[in-house]
Amino acid sequence: QLEGTEGVFTGQNMIGADGQEYSVPPNYASKSKLVEGDLMNLRTAPDGRRVFKQIQMIERVRVAGRLCFDDAARHWYAESEGRQYKILSASVTFYHAREGDTAYFLIPKSGESVWGAMDGVSPNVL
């Protein structure tokens, strides 16, 4: 029997209904293109294995921006219309993206987010 809890994806983690923060595997978040505000379910098996599942997507829009790497903070982000959106390293690796490429990413339709879910890349050919 699996025990479960629902929660909201924060860009990197899930905040459960119990108020706890759960680390979502970056490969799953990247592959599933999870966006801040998506509803998730977390089930824990008797052996302690955690299984995350996206159960409801927030309304989202696809935007484009320049992919950048912040050396000091050691994280990827995309710049779009004067804003910066953090991008999971797992997504950058998956798409074989490089600094300066055009990243296509998903954000909540409300526009209120720190993170973007990478949805494609166009190499910078300059």
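This is a predicted model: local features need pLDDT of at least 70, side-chain atom pairs count only at pLDDT 80 or more; totals for chains, interfaces and linings use all residues.
Local features were considered at pLDDT of at least 70 and side-chain atom pairs at pLDDT 80 or more, whereas totals for chains, interfaces and linings use all residues. Residues are numbered from 1 along each chain as its sequence is written, and side-chain values use heavy atoms, with hydrogens and water left out.

Strands were taken as DSSP runs (E, at least two residues), numbered from the N terminus, and two strands were taken to pair if DSSP finds at least two bridges between them. An open sheet of 5 strands has the order β8-β7-β6-β9-β10, and its pairing is antiparallel. Strands β8 and β10 (117-122) form the edges, each pairing on one side only. From one strand to the next, the twist averages 40 degrees (axes are lines fitted to C-alpha atoms, and angles run from 0 to 180 degrees between N-to-C directions). Strand β7 (residues 75-80) runs antiparallel to β8 and is joined to it by 5 bridges; S80 has R83 in β8 as its bridge partner.

Strands β2 (residues 13-16) and β3 (residues 21-23) also pair in the antiparallel sense, over 3 bridges. N13 stands opposite S23 in β3. The hairpin of β2 and β3 has 4 residues between the strands, and G19 takes a positive phi near 85 degrees there.

A nonpolar core was defined as a set of buried Ala, Val, Leu, Ile, Met, Phe, Trp, Tyr and Cys residues joined through side-chain atoms within 4.5 Å. Residues are buried under 20% relative accessible area, exposed over 50% and partly exposed in between (1.4 Å probe, protein chains only). The largest nonpolar core has 13 residues, of which L67, W76, I87, V92, A103, F105 and M118 touch the most other members. At least two residues of this core come from each of β6 (60-70), β7, β8 and β9, and β9 gives the most, with 3 residues. Another core, of 12 residues, lies apart from it and has F9, M14, V24 and L88 among its members. Contacts (heavy atoms within 4.5 Å) of I87, not counting residues up to four places away in sequence, are with L67, W76, Y77, A78, V92, F105, W115, G116 and M118.

Aromatic rings of Phe, Tyr and Trp (its six-membered ring) were paired if their centres lie within 6.5 Å, with planes under 30 degrees apart counted as stacked, over 60 as edge-to-face and the rest as tilted. By this rule there are 3 aromatic pairs. Y85 and F105 form a tilted one, at 5.3 Å centre to centre with 50 degrees between the planes. Y85 lies in strand β8 (residues 83-87) and F105 in strand β9 (residues 102-108), so the pair ties together parts that are 20 residues apart in sequence. Both Y85 and F105 are buried.

Y104 is also found in strand β9 and is partly exposed, with a relative accessible area of 25%. The side chains of Y104 and S122 are joined by a polar contact of 3.3 Å (a pair of N or O atoms within 3.5 Å; within protein, one must be able to donate a hydrogen and the other to accept it, and residues adjacent in sequence count only if both atoms are side-chain atoms). The C-alpha atoms of Y104 and A117 are separated by 8.5 Å.

T5, in strand β1 (residues 3-9), counts as buried at 16% relative accessibility. Its C-alpha atom is separated from that of N41 by 5.7 Å, although T5 and N41 are 36 residues apart along the chain.
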